[in-house]
Number of protein chains: 4
Amino acid sequence: MAHTIREKKKILARVNRLKGQLEAFSQAIEQEKDCYQVMQLLSSCRGALNGLMGDLVEDHIREHIVKAETKKEASTGGEEVIEIMRSFWK
Amino acid sequence: MAHTIREKKKILARVNRLKGQLEAFSQAIEQEKDCYQVMQLLSSCRGALNGLMGDLVEDHIREHIVKAETKKEASTGGEEVIEIMRSFWK
Amino acid sequence: MAHTIREKKKILARVNRLKGQLEAFSQAIEQEKDCYQVMQLLSSCRGALNGLMGDLVEDHIREHIVKAETKKEASTGGEEVIEIMRSFWK
Amino acid sequence: MAHTIREKKKILARVNRLKGQLEAFSQAIEQEKDCYQVMQLLSSCRGALNGLMGDLVEDHIREHIVKAETKKEASTGGEEVIEIMRSFWK
């Protein structure tokens with residue numbers, strides 16, 4: 001079973017928290033709060049999202065590469081990681 | 001007037017799009033979609049959020065430093081940028 | 001044969017170029033050049049180093065995971081990628 | 001006096017350390033060391049360079065914006081920070 005299914009509950013809890021943080025940012029913009037405050041709110045969202053992304057990729061490597069049942073599974077997992085990582089090197 | 005007030009409409013439009021992308025990710029997790037697909041969805045969210053963050057900081061520098069009305073305003077703006085940027089250097 | 005051996009010449013050429021860029025930065029500091037100029041020089045080094053890092057990790061995944069000869073090799077490769085990637089998610 | 005002049009000695013010491021780390025990476029490639037080892041060496045270089053870059057930009061903001069002697073100096077400093085930061089948001 002894929003890690004995103006096994007960890008479904010935990011991931012959904014984290015996305016919900018992230019949605020809440022994004023909502024707080026939205027409202028701060030809506031209410032014309034001080035721009036330093038709004039940047040701090042978005043910066044928190046960024047930290048939360050990057051953390052979630054990192055954990056998902058790590059789980060993906062662990063599940064589909066480190067614990068792969070076949071060489072083929074690991075190979076496909078590797079190609080997927082290459083694609084996902086492309087945007088991180090710049 | 002602060003850039004986050006003047007650009008209010010545009011910023012809200014971008015956050016709403018980002019909320020939509022995050023919702024798509026949420027649903028993909030909920031529906032137990034393939035984990036490569038879910039990572040791609042989160043990767044798009046990450047790109048959108050980083051882009052928005054970058055534009056906000058850039059607008060902040062432009063408004064409160066480049067076009068500051070007083071040396072004091074620029075000075076405060078500079079201190080805020082230092083705080084916001086701290087998490088970006090690692 | 002490991003990718004860092006097969007690609008030895010190419011990698012060394014890139015590191016040498018990077019050393020040259022770092023030397024230019026060093027000299028700009030030594031000669032007390034304008035600080036915007038020195039930041040630009042270091043920013044180029046950063047781009048070059050990140051690009052090289054990205055290519056090395058990609059080659060590593062391709063060679064030791066995608067084209068792994070055994071499940072064991074892919075598994076070890078995966079663990080190594082997890083370790084290397086840790087510092088990238090923050 | 002510009003921060004890159006006042007801090008000249010410290011910056012040169014850090015670049016020299018970084019050059020040493022890059023040399024270690026070079027030699028590891030030359031000696032055909034294990035590719036995980038070489039990636040770790042380059043990863044250390046990346047951390048050191050990012051740290052130095054962050055400190056330079058922070059000093060730049062502090063010196064030419066926070067402590068600017070004129071509105072004009074802060075304004076120019078702000079434009080420079082915008083240019084330098086462009087590559088960091090992706």
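**Exercise 1. Which residues does A:Thr4 touch, not counting residues up to four places away in sequence?**

Before starting, note that this is a predicted model, where local features need pLDDT of at least 70, side-chain atom pairs count only at pLDDT 80 or more, and totals for chains, interfaces and linings use all residues. Residues are numbered from 1 along each chain as its sequence is written, chains are lettered from A and ligands numbered from 1 in the order in which they are written, and side-chain values use heavy atoms, with hydrogens and water left out.

*Step 1.* Find the residue: A:Thr4 sits in helix 1 (residues 3–6) of chain A. Helices here are DSSP runs (H or I, at least four residues), strands are too (E, at least two), and both are numbered from the N terminus.

*Step 2.* Look for contacts, meaning heavy atoms within 4.5 Å. In chain A, the partners of A:Thr4 are A:Ile11 and A:Leu56; in chain B, they are B:Ile29, B:Lys33, B:Cys35 and B:Val38.

*Step 3.* Check the accessibility. A:Thr4 counts as buried because its relative accessibility is 1%; buried means under 20% relative accessible area, exposed over 50%, and partly exposed in between (1.4 Å probe, protein chains only).

**Exercise 2. Describe the build of chain A.**

*Step 1.* Count the elements: there are 4 helices and 0 strands in chain A. Reading from the N terminus gives α-α-α-α.

*Step 2.* Look at the dimensions. The C-alpha trace of chain A spans about 55 × 30 × 15 Å along its principal axes. Its radius of gyration is 17 Å, whereas a compact globule of 90 residues would have one near 12 Å. This radius is taken over C-alpha atoms, and the globule rule is 2.2 Å times the number of residues to the power 0.38.

*Step 3.* Turn to burial: 53% of the 90 residues of chain A count as buried.
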